Each structure stands twice: as C-alpha cells, then as structure tokens.
Amino acid sequence: MSPPPAIAVGHDPRSVSLPTLRDQKSTRAVTLQFDDNALLALLYGEHDRHLAQIEQRSGVRLTSRGNRVSIVGEEEGARVAELALKALWKRLGRGEPVGIAEVEAALRLAEKKNTDTDAGPEPRLPLADLPAIRTRKGAIAPRSHAQAGYMDQLQRHEMVFGIGPAGTGKTYLAVAQGVALLMAGQVDRIVLSRPAVEAGERLGFLPGDMKEKVDPYLRPLYDALHDMMPADQVARRITSGEIEIAPLAFMRGRTLAHAYCILDEAQNTTPAQIKMFLTRMGEGSRMVVTGDPSQVDLPPGHKSGLVEALQILKGVEGIGFTYFNDKDVVRHPLVGRIVAAYSKVEGSGGLASGGAGSSRAGQGAR
C-alpha cells in the first residue's frame, strides 16, 4: 500500500493577540496544503459539511482555496482542527472512508484528555500510533481517549473490565478484539455470554427450543459478530464450535482453555454468577467483562455481582479496568446527551430509585 499523501503545513507568522475586555487570547493561523485533489472532496464532505462540523466543534474559522485550508482561531481550537484534519487525511490515504462519525471521532481524539472527567487509562503509544483492531470487514480504530486505552488493555491484559454507559463501544470493541485474535490463530474459539435477565418486562412463555428461547437475550452479540465477519462465516464458525454464544448459566462446571471469553451485561449477574464465570478461565484464555452499574435489571434487593467484583478485584495484578462516561458515547450525539441528563438527575437524587438499579425499557448492543 502506498504511503498517505503528504501534507504541507505553514504557520502564519502574523499570529496576533486579540484584546478582549477581560484578557488577551492568542489567535493562531495555520495553512494546510493537500496534494491529492481527488481525495480533497472526500475530506471536505458534501457541501463542505465536514469543514462546517470541525468549525462548530473547535470554534475556528476554516477557509478553503484550491488545495489549501486555512485555520484561524484561538490556540487550542486551531490545534484541534489541525490535528483532526491531518488524522482524516491519513484515513483517506489508507483508503478508509470518512463520514460524520469519523470527523467526530477525529475531533474527540484531537482534544486534550481531561483528567477530571476522562477516567480511562492512558495507552502506551501515542494515539496516532495505536494499532487498529483488524477484522475481515476492515480496521476498527478508537473514537475516544477511553476507547484508545481500552483497546490497549485488550491487547496487553488477560482479563479486562469495561465499565460505562450504553453506546461507548465496550462490547463492540471486545468482540472485535476476539475476532481479530481468532483470525490470527491466537485463540481457538470465542465464547460470548450474557445473563438471561428480562429488562423490566415480563416476557412470559417463549415458544421454541432452547436456542430459540435464549437467542433474543443474545441478539446484540450476534449483531456485533456480523459487523466483524461475513454472515456465512459467522454461521459456519458457530456450527463448528469456534464461536459459542450462550447464556451465563451454561458456563457452570466448564474450564475454558485457549478461548476468548466475553461476559456482557455483567451488571445483571449475582455475586455467585460472576465469580463462577471468572473462575472458568483456563490456560491460554482471555476474558473481558462489560457492564453498566447504572442499568441493573435484577429484582429489588439483589446485589449486582459486577459492582461487588469491581470492589474486590481492584488492584489485583494482571486485571485491567477501563471506565467510560457520557463523553465517550459514539452512537448518535443525542445518546450522549440523554446519558448525561439521566446521570445528572440520578446523581442529584432528584428521582425515586428503582431498587437495586434503574430498570430500562430495552437492551441495546454496547
């Protein structure tokens, strides 16, 4: 693959300080020059919507003329816009698509990590050098600082806990790492498990055999797999046993060797269940536990096994922990704002508690 097109960067020496009523804020001017006009339209987006998105998020003014983009704004905003444009140009040079989601991810990663609100671990490598997770359907790169630290931990640790709200990529990235390891021959199989707990609904009698009864609880795991692999390969590997998707109750009494094991929705386990799962780990295995302690669907009075495990295992050598928050939500922007609104109300005690945890209307893929 040919290297990505070069970018010529010129810093305008005429940067000045603009006086305000309260202080002086440094203004920076930067000019980026791109050498491939065919990719330039993809960088700008339809009707320059990518440039407009960068302007709105970073608070700068972008001006395009020919193959040059000028950035003018406050120091930090100009830095964010410059790094985001460079990152997007590298994606295009690698033949990867750029859309609204990719622009948002580039901006989020370009912003400095806020140590007060971003609790995820720092990756060993710079964000630009962090390797992507490669599957048959393409490379998956981090879209937030917490995701970058999480991906780094998935590569380094044999057991990782991913904790945080819906839409932060906890399960999706865990499944992607499992598929990548399976494709590379580093594990013999993938085992995906969830507790079969109703999310605030009474489903009653479900017709069909055992598989048909439990599949609705495991659907998000199937969805993630189909994003990583062609459907025929998923079906073939499930039939051969290379990929196993099963309720948590089916794990009892087993030793999972040379396997990549994921326990999703772990907030709905009891202390005994999560201990049972964690002690299934065998030789050459890796485990990932994901969950959101704010969305417990256990009956009132039942303690979440995930909450207890986080307290007991804190500081245990060889276990990695990544905590996501509403700033790491990578679904529709409204999801992040919804999560933030609920967190604010629940944190202030403004609404009555739902017992052991907040019931939710439905389960979605993480």
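Modeller: Axes are lines fitted to C-alpha atoms, for helices over the stretch in contact, and angles run from 0 to 180 degrees between N-to-C directions. With that in hand, helix α5 (residues 145–156) and helix α6 (residues 170–183) pack at an angle of about 35 degrees, their axes being 11 Å apart. This is a predicted model, where local features need pLDDT of at least 70 and side-chain atom pairs count only at pLDDT 80 or more, while totals for chains, interfaces and linings use all residues. Residues are numbered from 1 along each chain as its sequence is written, and side-chain values use heavy atoms, with hydrogens and water left out.

Colleague: Thanks! Which residues make the contact between α5 and α6?

Modeller: From α5 come Gln147, Tyr150, Met151, Leu154 and Gln155, and they meet Lys170, Leu173, Ala174 and Gln177 of α6. Contact means heavy atoms within 4.5 Å.

Colleague: What makes α3 and α4 oblique to each other?

Modeller: The axes of α3 and helix α4 (residues 100–110) cross at roughly 130 degrees and come within 8 Å. Under 35 degrees counts as roughly parallel, over 145 as roughly antiparallel and 65 to 115 as roughly perpendicular, with the rest oblique. The α3 and α4 pair is therefore oblique. The α3 side of the contact has Arg79, Val80, Leu83, Ala84, Ala87, Leu88 and Arg91, and the α4 side has Glu102, Val103, Ala106, Leu107 and Ala110. This crossing, too, is right-handed.

Colleague: How do you know that the reach of α3 is close to the one expected?

Modeller: The expected span is 1.5 Å times one less than the number of residues. Helix α3 (residues 75–93) has 19 residues, and the 27 Å from its first C-alpha to its last is close to the expected 27 Å. Just after α3, Gly95 has a positive phi of about 85 degrees.

Colleague: Why is Glu265 called buried?

Modeller: Buried means under 20% relative accessible area, exposed over 50%, and partly exposed in between (1.4 Å probe, protein chains only). Glu265 has a relative accessible area of 1%, so it is buried. Glu265 sits in the loop between β11 (259–263) and α9 (271–278), with a positive phi of about 55 degrees although it is not a glycine.

Colleague: And why does His47 count as buried or exposed?

Modeller: His47 has 75% relative accessibility, so it counts as exposed. His47 lies in the loop between α1 (37–44) and α2 (49–58), and its phi is near 55 degrees, a positive value in a residue other than glycine.

Colleague: What does Lys112 touch?

Modeller: Leaving aside residues up to four places away in sequence, Lys112 touches Glu76, Arg79 and His145. Lys112 and Glu76 are 36 residues apart in sequence, with 9.1 Å from C-alpha to C-alpha. Lys112 is in the loop between α4 and β6 (133–135), and its 59% relative accessibility makes it exposed.

Colleague: How many helices and strands does the chain have?

Modeller: There are eleven helices and 13 strands, where helices (H or I, at least four residues) and strands (E, at least two) are DSSP runs numbered from the N terminus. Of the 366 residues, 46% count as buried. Among contacts with a separation of 6 or more, 72% join residues 24 or more positions apart.

Conventions. Left-handed = near helix turned anticlockwise from the far one by under 90°.
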